[in-house]
Amino acid sequence: MSGNRTFTMIKPHAVLANQIGAITQMIEAGGFRIVAMKKTKLSASQAGKFYEVHKERPFYGELCEMMSDGPIIPMVLEKDNAVEDFRALIGSTDPAQAADGTIRKAFALSKSENAIHGSDSDENAAIESAFFFAVTDQY
Ligand code: CMP
């Protein structure tokens with residue numbers, strides 16, 4: 001049985017394009033409750049730590065640079081079957097493959113600047129939420 005929380009962040013290019021409201025509206029319309037949310041900015045080394053799992057991938061440098069290039073909106077979200085349902089709502093990593101009605105179809109610019117992150121497992125959702133929020137900040 002999968003868990004009821006996931007972690008997401010709106011990426012810098014979407015924040016700088018004033019798309020926070022449109023994206024959070026899609027998240028809430030998709031049945032998710034925002035449990036924690038803030039506006040912050042990662043340093044390159046913090047982005048490197050967050051995405052450490054990808055450090056051997058050829059796009060790791062580009063990813064860390066892009067994620068530390070401007071403000072982000074990290075959030076913890078709640079819904080039954082949260083991880084799987086949220087990945088369906090955001091769509092494929094590559095916007096060219098993202099289905100109509102998904103957040104990435106609407107707002108992603110490329111595989112790297114793909115508007116929004118979504119945890120890939122319950123375990124990573126817990127780790128990623130703890131990267132940004134204390135348990136006592138999640139309501
Ligand atoms: P995200 O869901 O945040 O998780 C890993 C990120 O790596 C992904 O979204 C993209 O921003 C980035 N990424 C994944 N694959 C590629 C790729 N082939 N080229 C560039 N960036 C990528």
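Start by selecting H13: this residue is buried, with a relative accessible area of 13%. Buried means under 20% relative accessible area, exposed over 50%, and partly exposed in between, using a 1.4 Å probe and protein chains only. The model is predicted, so local features need pLDDT of at least 70, side-chain atom pairs count only at pLDDT 80 or more, and totals for chains, interfaces and linings use all residues. Numbering starts from 1 along each chain as its sequence is written, and side-chain values use heavy atoms, with hydrogens and water left out.

**Stop 1: around H13**

H13 sits in helix α1. Helices (H or I, at least four residues) and strands (E, at least two) are DSSP runs, numbered from the N terminus. Now show the neighbours. Leaving aside residues up to four places away in sequence, H13 touches F107, A108, L109, E113, N114 and A115. A contact here means heavy atoms within 4.5 Å.

The backbone oxygen of E113 is 3.3 Å from a polar atom of the H13 side chain. The backbone nitrogen of A115 is 2.9 Å from a polar atom of that side chain. A polar contact is a pair of N or O atoms within 3.5 Å; within protein, one must be able to donate a hydrogen and the other to accept it, and residues adjacent in sequence count only if both atoms are side-chain atoms.

**Stop 2: the whole chain**

Zoom out. The protein has 7 helices and 5 strands. From the N terminus, the order is β-α-α-β-β-α-α-β-α-α-β-α. The C-alpha trace spans about 35 × 35 × 30 Å along its principal axes. Of the 139 residues, 46% are buried. Among contacts between residues at least 6 apart in sequence, 78% join residues at least 24 apart.

**Stop 3: the largest core**

Select I10, I23, I27, F86, I103 and I116. These have the most contacts inside the largest nonpolar core, which has 19 residues. Such a core is a set of buried Ala, Val, Leu, Ile, Met, Phe, Trp, Tyr and Cys residues joined through side-chain atoms within 4.5 Å. At least two residues each come from α1 (12–16), α2 (20–29), β4 (71–78), α5 (82–90) and α6 (103–107). Which element gives the largest share of this core? That is α5, with 4 residues.

Next, centre on I27. Not counting residues up to four places away in sequence, I27 touches F32, M75, L77, F86, L89, I103 and I116. Apart from this core lies another, of 17 residues, among them L63, M66, M67 and F132.

**Stop 4: helix α5**

Colour A82, V83, F86, L89 and I90, which are buried in α5. Seen down the axis of α5, they fall within an arc of 125 degrees, so they line one face of the helix. The arc is that of the directions from the helix axis to the C-beta atoms. On the other side of α5, E84 and A88 are exposed.

Now show what the buried residues of α5 pack against: β1 (5–10), α2, β4, α6, β5 (116–118) and α7 (122–132). Step just past α5 to G91, which takes a positive phi of about 85 degrees.

**Stop 5: helix α4**

Finish with residues 60–67, helix α4, where Y60, L63, C64, M66 and M67 are buried. Their arc around the axis is only 165 degrees, which puts them on the same side of α4. The cover over these buried residues includes β1, α1, α3 (44–50) and β4.
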